[in-house]
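Here is a short report on one protein chain. It covers the sheet, the helices, the cores and the charged pairs.

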Amino acid sequence: MILEKEERYQSCFDRVVALVEGETDLIARMASVVGVLHGEMPGFFWTGFYRVVDGGLIIGPYQGSVGCLRIQMGKGVCGTAAERGETQVVPDVHAFPGHIACDARSVSEIVVPVYQDGTLIGVLDIDSEQSANFDEVDRAQLERLLAAVF
Ligand code: SME
């Protein structure tokens with residue numbers, strides 16, 4: 001099962017790296033990451049970026065139902081990941097103090113900070129309708145993918 005998930009991430013990694021080769025535009029790179037992950041990874045209900053703008057988070061490319069447009073630094077799972085600079089793996093969002101429910105169907109979530117040249121430029125947020133859909137494999141593989149793309 002773990003191997004299967006790692007194989008899927010490897011396939012996503014290869015596809016994204018090939019897609020963005022030579023592309024310098026940040027939104028184009030973010031959109032490619034979202035498009036590949038959302039299409040290939042089972043259980044990804046909402047997949048998208050929030051970008052750091054003027055000290056807050058503003059939505060970027062995403063797939064899934066309509067997302068909240070702005071999130072304050074330190075608020076919700078996304079704001080917490082951004083403020084701490086640490087990936088947040090949340091098996092049950094209802095147990096996360098201050099979780100922001102953009103869609104009530106989301107049950108578990110992972111948020112990974114995105115750095116470019118050592119500066120935080122955003123977070124990648126992935127929600128699932130399944131409880132505890134994300135684990136250390138997702139954390140490691142998503143951090144690896146983002147480090148390669150940004
Ligand atoms: N649940 C997130 C908000 C973003 S939506 O899930 C798309 C949070 O608590 O930060």
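Is Arg15 buried, exposed or partly exposed? Arg15 counts as partly exposed, because its relative accessibility is 43%. Buried means under 20% relative accessible area, exposed means over 50%, and partly exposed lies in between (1.4 Å probe, protein chains only).

## Basis of the model

This is a predicted model: local features need pLDDT of at least 70, side-chain atom pairs count only at pLDDT 80 or more, and totals for chains, interfaces and linings use all residues. Residues are numbered from 1 along each chain as its sequence is written, and side-chain values use heavy atoms, with hydrogens and water left out.

## The sheet

Helices (H or I, at least four residues) and strands (E, at least two) are DSSP runs, numbered from the N terminus. Two strands pair if DSSP finds at least two bridges between them.

Strand 3 is joined to strand 2 (residues 56-63) by two bridges. Across from Ile71 in strand 3 stands Leu57.

## Helices on the sheet

Contact means heavy atoms within 4.5 Å.

## Nonpolar cores

The largest nonpolar core has 25 residues. A nonpolar core is a set of buried Ala, Val, Leu, Ile, Met, Phe, Trp, Tyr and Cys residues joined through side-chain atoms within 4.5 Å. Residues with the most contacts inside this core are Val33, Leu37, Phe49, Leu124, Ile126, Leu142 and Phe150. Helix 1 (2-20), helix 2 (26-40), strand 5 (108-116), strand 6 (119-128) and helix 4 (136-149) each give two or more residues to it. Another core, of 15 residues, lies apart from it and includes Ile71, Ala81, Ala82 and Val111.

Leu124 has partners well along the chain. Not counting residues up to four places away in sequence, Leu124 touches Leu37, Thr47, Gly48, Phe49, Ile110, Val111, Val112, Val114, Leu142 and Leu146.

## A buried serine

Ser106 sits in the loop between strand 4 and strand 5. Ser106 counts as buried because its relative accessibility is 3%. Beyond residues up to four places away in sequence, Ser106 touches Phe45, Val93, His94, Asp127 and Ser128.

## Salt bridges

There are six salt bridges in the structure. A salt bridge is a side-chain nitrogen of Lys or Arg within 4 Å of a carboxyl oxygen of Asp or Glu. Lys5 bridges to Asp135 (3.2 Å, N to O). Asp135 is in the loop between strand 6 and helix 4, and Lys5 is in helix 1, 130 residues apart. Lys5 also bridges to Asp138 (2.4 Å, N to O). Lys5 lies in helix 1 and Asp138 in helix 4, so this pair ties together parts 133 residues apart in sequence. Both Lys5 and Asp138 are buried. Lys5, Asp135 and Asp138 are linked in a network of salt bridges.

Arg15 pairs with Glu40, with closest N and O atoms 2.6 Å apart. Arg15 is in helix 1 and Glu40 in helix 2, so parts 25 residues apart in sequence are tied together.
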